[in-house]
Amino acid sequence: MEAVDAGLQTGGLFLRMLKKLGALEATPIWLREWIIFERQATTLRWFEPLVIPGLFQTEAYARATLAGGRFTAEEVEQQLAARLERQAILDRDSPPHFIAVIDEAILRRPVPEHPGLMAEQLERLVTDAERENVQLHVVPAEGIYLGFAGQFIIAELADGGRVAYADNQLRAQIMDDSMDIARLAKTWEAIRSIALPRRQSIDLIKEVAKTWT
């Protein structure tokens, strides 16, 4: 591909395409299917109780979430490349409307042996939260709520259809059953109702970021 780019003077187009394809092929089959829906979505509603949503993660933070021995070094690089590639949807000409709700504990959870990582990650989070197409809300750490049951994403497609995604330690599940999605949508509304407004959420992230510097 480097030779083709050089011969056709493409500015590296074909090599970039190859890297994107390689990143997608390196992901599990179920995740490839979800990535297709993610790219087609006009609206994404993402609830995350444990970690920064993948579309907002810095490379260092993403790498830290993949460390620990679950994956080989090669698998970590493959998963990392795929995750970072997914973030491109926020920069395209017609990005999806992205509404994310996270738990406050995520902002305060340290990453051992990586000083400065959380400061960098929260700075990036504020930058993304201020995008026109992004609404980021934080659930304050005030007690137990429905979100403790786990992470999920609801993608709304151009034709009005909806698809949902939820994962755990071993695998992920993609759902298109209307009743399942309706139940998730009710859970989403319950969680969203206790989250801080957008501007207050950004201010909280900025305040917590100061504790990491």
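Visitor: Let me start with Arg86: is that residue buried or exposed?
Guide: In this predicted model, Arg86 has a relative accessible area of 12%, and because the cut-off for buried is under 20%, Arg86 counts as buried.

Visitor: And what does its side chain meet in a salt bridge?
Guide: The side chain of Arg86 meets that of Glu38, with an N to O distance of 2.7 Å. The two residues belong to distant parts of the chain, since Glu38 sits in helix α3 (residues 29–40) and Arg86 in helix α5, 48 residues apart.

Visitor: Switching to α5 itself, how many residues does it have, and how far does it reach?
Guide: Helix α5 runs over residues 73–86, which makes 14 residues, and it reaches 20 Å from its first C-alpha to its last, close to the 20 Å expected at 1.5 Å a residue.

Visitor: Which of its residues are buried?
Guide: Val76, Gln79, Leu80, Ala82, Arg83 and Arg86 are the buried ones in α5. They lie on the same side of the helix, because the arc they cover around the axis is only 165 degrees.

Visitor: What does the face turned away from that side carry?
Guide: That face of α5 carries Ala73 and Glu74, which are exposed.

Visitor: Back to charges: how many salt bridges does the structure hold?
Guide: There are 11 salt bridges in the structure. One of them joins the side chains of Arg63 and Glu59, at 3.4 Å from N to O, and these residues are separated by about one helical turn because they stand four residues apart in helix α4 (residues 59–66). Arg63 is partly exposed at 30% relative accessible area, and Glu59 is partly exposed at 44%.

Visitor: Which residue does Lys206 form a salt bridge with?
Guide: Lys206 pairs with Glu130, their closest N and O atoms being 3.7 Å apart. This pair again links distant parts of the chain, as Lys206 is in helix α9 (residues 198–210) whereas Glu130 is in the loop between α7 (117–129) and β3, 76 residues apart. Lys206 is partly exposed, with a relative accessible area of 35%, and Glu130 is partly exposed too, at 38%.

Visitor: Which residues are linked in a network of salt bridges?
Guide: That network is made of Asp91, Arg124, Asp128 and Arg131.

Visitor: OK, aromatics now: how many pairs does the count come to?
Guide: The count comes to seven aromatic pairs. Among them are Phe47 and Tyr145, whose ring centres lie 6.2 Å apart with the planes at 80 degrees, so this pair is edge-to-face. Phe47 belongs to strand β1 (residues 41–48) and Tyr145 to the loop between β3 (134–139) and β4 (152–157), which places them 98 residues apart in distant parts of the chain.

Visitor: Last topic, the second largest pocket: what volume does it have, and which residues lie nearest its centre?
Guide: The volume of the second largest pocket is about 210 Å³. The lining comprises 14 residues, and those nearest the centre are Ala149, Gly150, Gln151, Ala166 and Leu184.

Visitor: Which helices and strands supply at least two residues of that lining?
Guide: Strands β5 (162–167) and β6 (172–175) and helix α8 (178–194) each supply at least two residues of the lining.

Technical notes: Residues numbered from 1 in each chain as written. Predicted model: local features only at pLDDT ≥ 70, side-chain atom pairs only at ≥ 80, totals over all residues. Heavy atoms only, no water. Phe/Tyr/Trp six-rings, centres within 6.5 Å; stacked < 30°, edge-to-face > 60°. Expected span 1.5 Å × (residues − 1). Buried < 20%, exposed > 50% of the residue type's maximum accessible area, 1.4 Å probe, protein only. Arc of directions from axis to C-beta. Salt bridge = Lys/Arg side-chain N within 4 Å of Asp/Glu carboxyl O. 1 Å grid on protein atoms, 1.4 Å probe; cavity = no way out; pocket = protein on both sides within 12 Å on 5 of 7 lines; lining within 4 Å. Points joined across faces, edges and corners; volume = space filled by probe spheres on them.
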